[in-house]
Amino acid sequence: MNINHFIEVRKKAGLSQGELAQDICTQATLSRFERGGKIPSVKILTQLCNRLGISIDELFRTVPESRSKLINDRLRQAEFNLIISEYASAADIIDKLQLTDSEGENYRKRIDYIKGYVSILSGQDIQKTIDRYHAELLNTNDSKNIYSLLTYCGLGMGYARIGKNVLAEQYFEFIFRNIFDFQAKNANETWKILTILFYTAEFYSKSNLSISNHILETIVNICSKEHMTFYLARSVLLLAENEYIGDGDSVKMANYLIDAHAYAKINKNQIELDQIKQFVKKAHLEGLPISIILN
């Protein structure tokens, strides 16, 4: 507990221990707290904090965030913005990062992948990004580390978006053969695996629904196992769209949409919520019990 912060606030308020403790507790109780760290009852501590105009939670902010944590938090937010299709916001975060030369080198691969995906997904400078990704692969000795796999996926995405689907499939085939053998070491790597799987599934949704659905179901299982909701909305919506393309069961479609709508609301993914509403109208599913989606 950050007792020093408590003491600093008391002194700035011009209160002695006796004045602060008056009608709340004994001065001895307050002294034992400030000098020896003996925490008083919740009732007493709450009253003392209220008199000082601070909240109890301020006393738990004892360690300032490290520089690396601040950078990682910003990059994590940029990646999350990619997931919810807020590409301009992701780009803005990257643009506003002010890194030293050493920090720039340490985070280069992560920043390059985010910038590249923003470029491809927003339809800007796709060929330039493809060329940069090819150069990146030439400079790596490990074709199966997480950033190399992201680069292969980015190339597939890029070629698909400029209409070179045969070439795109070569990269997605490589991903499909290798991604399931990759073992994530932490939550950040799991996010990246889900990113790769989603865009692979999205590509195959236009040519092979069976492969696409298999990958999407894998994403849902990973999200459930790892308690991650971020890709659930997009994955379940794509399952509904695949069901529609394949002339599937409209009730099954509706169930997918209800789930996708719930996940999108949890993640505050407004773009996904709008896409779900548009799909409901396109698929003429208004007569099914999914009115909540249209409200």
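Leaving aside neighbours within four places in sequence, K192 is in contact with E79, R110, Y113, I146, Y147 and L150, where contact means heavy atoms within 4.5 Å. K192 is found in helix 12, and K192 counts as buried because its relative accessible area is 3%; buried means under 20% relative accessible area, exposed over 50%, and partly exposed in between, with a 1.4 Å probe and protein chains only. The model is a predicted one, in which local features need pLDDT of at least 70 and side-chain atom pairs count only at pLDDT 80 or more, whereas totals for chains, interfaces and linings use all residues. Residues are numbered from 1 along each chain as its sequence is written, and side-chain values use heavy atoms, with hydrogens and water left out.

**Overall architecture**

- The protein contains 17 helices and zero strands; helices (H or I, at least four residues) and strands (E, at least two) are DSSP runs numbered from the N terminus.
- The radius of gyration of the protein is 26 Å, whereas a compact globule of 295 residues would have a value near 19 Å. This radius is taken over C-alpha atoms, and the globule rule is 2.2 Å times the number of residues to the power 0.38.
- The C-alpha trace spans about 80 × 55 × 30 Å along the principal axes of the protein.
- Of contacts between residues at least 6 apart in sequence, 59% join residues at least 24 apart.

**Surface and charge**

- Buried residues make up 45% of the 295 residues of the protein.
- The accessible surface comes to about 15,700 Å², and carbon and sulfur atoms account for 49% of that surface. Accessible areas come from the Shrake-Rupley method with a 1.4 Å probe, and for residues only the protein chains shown count as cover.
- The protein has 35 positive and 35 negative charges, whose mean positions are 6 Å apart. Lys and Arg count as positive and Asp and Glu as negative, without His and the chain ends; each charge is placed at NZ of Lys, CZ of Arg, CG of Asp or CD of Glu.

**Helix 12 and F203**

- F203 is found in helix 12, which covers residues 187-204.
- F203 counts as buried because its relative accessibility is 10%.
- Residues up to four places away in sequence not counted, F203 touches A160, N165, A168, E169 and F172.

- In helix 3 (residues 27-36), the buried residues are T29, L30, S31, F33 and E34.
- Helix 1 (3-12), helix 2 (17-21) and helix 4 (42-52) are included in what covers these buried residues.

**Positive phi outside glycine**

- D23, found in the loop between helix 2 and helix 3, has a positive phi of about 65° although D23 is not a glycine.
- D23 counts as exposed because its relative accessible area is 73%.
- D125 lies in the loop between helix 8 (108-121) and helix 9 (126-138), and its phi, near 50°, is likewise positive in a residue other than glycine.

**Cysteines**

- The count of disulfides is zero, a disulfide being a pair of cysteine sulfur atoms within 2.5 Å.
- The sulfur of C49 is too far for a bond because the closest cysteine sulfur, in C25, is 11 Å away; C49 is buried, at 1% relative accessible area.
- The sulfur of C153 is too far for a bond because the closest cysteine sulfur, in C223, is 15 Å away; C153 is buried, at 0% relative accessible area.
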